Each structure stands twice: as structure tokens, then as C-alpha cells.
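Hi everyone, thanks for coming. Please take a look at the sequence and the structure on the screen, and then I'll walk you through a few spots.

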Amino acid sequence: MGEHIIKLPDVGEGVAEAELVEWHVKIGDIVREDTVLAAVMTDKATVEIPSPVDGEILWLGAEIGDTVAIGSPIVRLKVAGEGNMKAGKVAEPATGVEPPARLPSPKPEAASPPKPAKPAETPAKSASSSSAPKTVTRSSASGAPRPEGEKPLASPAVRLRAKETGIDLRQVSGSGPAGRIGHEDIEAFLARGPQAARAPGPARNDAVEDIKLVGLRRKIAEKMTLSKSRIPHITYVEEIDVTALEELRAALNKEKRAKGGAERPKLTLLPFLMRAMVKAIADQPQLNSLFDDEAGIIHQHGGIHIGIAAQTPSGLVVPVVKHAEARDVWDCAAEVARLAEAAKSGTATRDELSGSTITITSLGAMGGMATTPVINHPEVAIVGVNKMMVRPVWDGTGFIPRKMMNLSSSFDHRVIDGWDAAVFIQRIKALLETPALIFVD
């Protein structure tokens, strides 16, 4: 029998390290060739690491959340034959890496509940207690130690201790004068067990769970921190009347069903908003830019690549509809549906999750009245879609029901002035409120 070391392979061009986000095995497991051992993440691309050999796991070289350099040992296995280690060292001399000795699996220990600290007694009280110990009067098993409605007597310190330990003082027998409750009575009551000590009503929960930020969640945290720390945001909220747009959308979807157009996806609001953004950017191309603040350069793009912020089981990702300027509403709808499915299933490629020049964020039915979207750094603008609802709108003679929706959009105030931001959103508003203009070239 021998031992075989598996090192972190090259997981991408120019990648020097990766974050370990998941172990699929544990020490003692028997694995076969091509068994997935772990998953690592680089720049939102998750890569699975398979085993090249059969064997038994002896050692795991990193914990979830650790950053591991390419070429570092991550797994040691016991294998049939010599393996690639001799005398505890890797057979290939080029590495020069000696893995640590096998780490034993820690055995979980049952956590015992903390015992309440006994307050310090005054010297006089201690002397009294040692010379003439008090006899604690315990309540009977049939009821409370005092008549119903009688207020228990206790000092503020005793009351505080009872509150902290979740004790109902009405259930505690006092051994002091006139039934006064002291610290020794609390201790005697606690000694009867947790059932006796529990106060009525909701129970306290002092548990604290430490959750380490790993994988995609850590990437999101880093990106949001970078954006908010480096970009001075300005957020502009505008109300949009989407009644006509919703009527047109319903008619187009109905026509598709009537003709049996299975090749065309169902139209949502997003494709119309994307086309409206394309037309508005044609008038204000500076909105479709990436700002390199370190170099002081604004990269203004001709191609409009719209990121769609999407919530997935793993966290927030931004699949990108490339060249929206060359797509109609049907093509935009099909690409959004395809990318959303890939993002949710975890099959989206690195190219599909990068390269956006402006972003849409939408919380759908949970969109609220207004939001303050965080710009997808290094972009300079993000358009936020809020909840659509029927509201009464004054038409000059009376109130009529209209379908209304707010757009909450944020801009990089270093390169986009408030006036330009307002002009951009007003142009989108005009297009969405008169949706026929979206189809006019």
C-alpha cells in the first residue's frame, strides 16, 4: 500500500488561487477514480475537483472558505501500489511539498448548558450562613408556594437574577422573613431541574451561530462593499403608468398562443424595458459605460450588454444578455429565459455571468414601492423595477384605476449628473407609457 497526494489543479487561465467552497468527501471515505472530491470557486466560476485514483481519504488539506494556491496539496489518499509518495514525500521532486501528518477527526462533545454564576455574598451574610444555615421551604408539587395574587418579596438583585435565568419568582418559595426570596432560594429552585425553573410565556433563546462567508456569498459581499465604498450613488425614483404596456403584452402573448407559437417565449415586462433602455442609451451613450476610477478612464461601449440581477439558491448572480441593441423583444425574452434557467441550475458559464455594461435589478412581485439599488461596479448605472399595482390616478375630471409601477435607478454621481440621470429615466418612462414607440426605429 502507498499514499497519493492530490494537488489543486490549474482551474483557469491566469488563476493563481481558488477558494474552497465545498467538500464532497471526509476522512475515511473510500473513493473511486473520477469521484468528485471538492468544489472551488474563482471569480464566480465553480469548478469540481475529481480524484484521479481509487483510494481511502487520509487527510484533507483545507477548510471550507480557505483560499488555496494552485499546486498546493489538498487531499492525501491511501492507494494500492506505491502511489506518488515515498517516505512521506511527494514522488515528483518538482513540488518539494510535504503534506502534514494525518489529522484525526474531531469527536463532537456534548455542550453542557452554562451554570448561572453565584453572586458574591457580603461578609456579614456569609458569617450568618456558616453559623446558622437556613432551611429552604420548598413548594408542594400541587401548586405555587404562595396564595394567588400575592406579590413575591425579593431584592432588585434577586429579581434581576431570576429574569436572566428565566425564573418566575411566583413559583419560588422564600426562606427569609415574611417569605422574602434570597439567592439561596433561587439556587434551590434551580436544583429542582429545568422544568421547575422555566417561566411561563415565550422562552429565551441565547444561542449564537457563527456562519462563515464562503463561496458566492463572499464574492457578493466583496462586490457590494467595493461598489458602496468607491461609488457615490445617486438614486432617482420615477412613477410609470404601464397600463397600455400591460394591455399590449397580454395581447401579444394571447396572439402567440392562438397561433401556436411554441418557439416564442412568453413576454414579461423585462424585454420591453430592455428595448426602452436601448433606445434611451442611443440618446445618452455615456450611460452604457464602465468607469476605471484608478486610471481615471471612462470606457464607453457601443454594444449594450444588459445584466439581469437574478436570485438563485446559491445567492445573487448577474447573467448578461449580450448585444441587446441587436435583439427584438422576442429575442430578448428568449435570452432572459435561457440565462435565468442556467443561473438557477448552476450551469451558467463564466462568460454568461460577466461583461455587462448596465444592469437591471427586479424583485418582481416583492419589489416594494421604492428601492435604492447598488450599482454593479464598475458600471455607472442600474435600473430597478418595483412592484406593479393598481392605483387611482386623476385624469382631469376624476380618478380612474391605472396600473402603476416605480423605477428606482441608481447612478455613479462622479460621471453621471443628476440632470442626465433624470433625462434618461424620463425617456424610458415615455417609451413604456407609449409602448408602440418601442417598435418604431
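Two strands pair if DSSP finds at least two bridges between them; helices (H or I, at least four residues) and strands (E, at least two) are DSSP runs, numbered from the N terminus. What you see is a predicted model, where local features need pLDDT of at least 70, side-chain atom pairs count only at pLDDT 80 or more, and totals for chains, interfaces and linings use all residues. Residues are numbered from 1 along each chain as its sequence is written, and side-chain values use heavy atoms, with hydrogens and water left out.

Let's begin with strand 12 (residues 289-292) and strand 13 (residues 297-300), which pair in the antiparallel sense over four bridges. Ser-289 has Gln-300 of strand 13 as its bridge partner. The two strands form a hairpin with four residues between them, and Gly-296 in that turn has a positive phi of about 70°.

Which side chain meets Asp-293 in a salt bridge? That is Arg-230, at 3.2 Å, N to O. A salt bridge here is a side-chain nitrogen of Lys or Arg within 4 Å of a carboxyl oxygen of Asp or Glu. The pair links distant parts of the chain, 63 residues apart: Asp-293 sits in the loop between strand 12 and strand 13, and Arg-230 in helix 5 (residues 215-230). By this rule, the count comes to 20 salt bridges.
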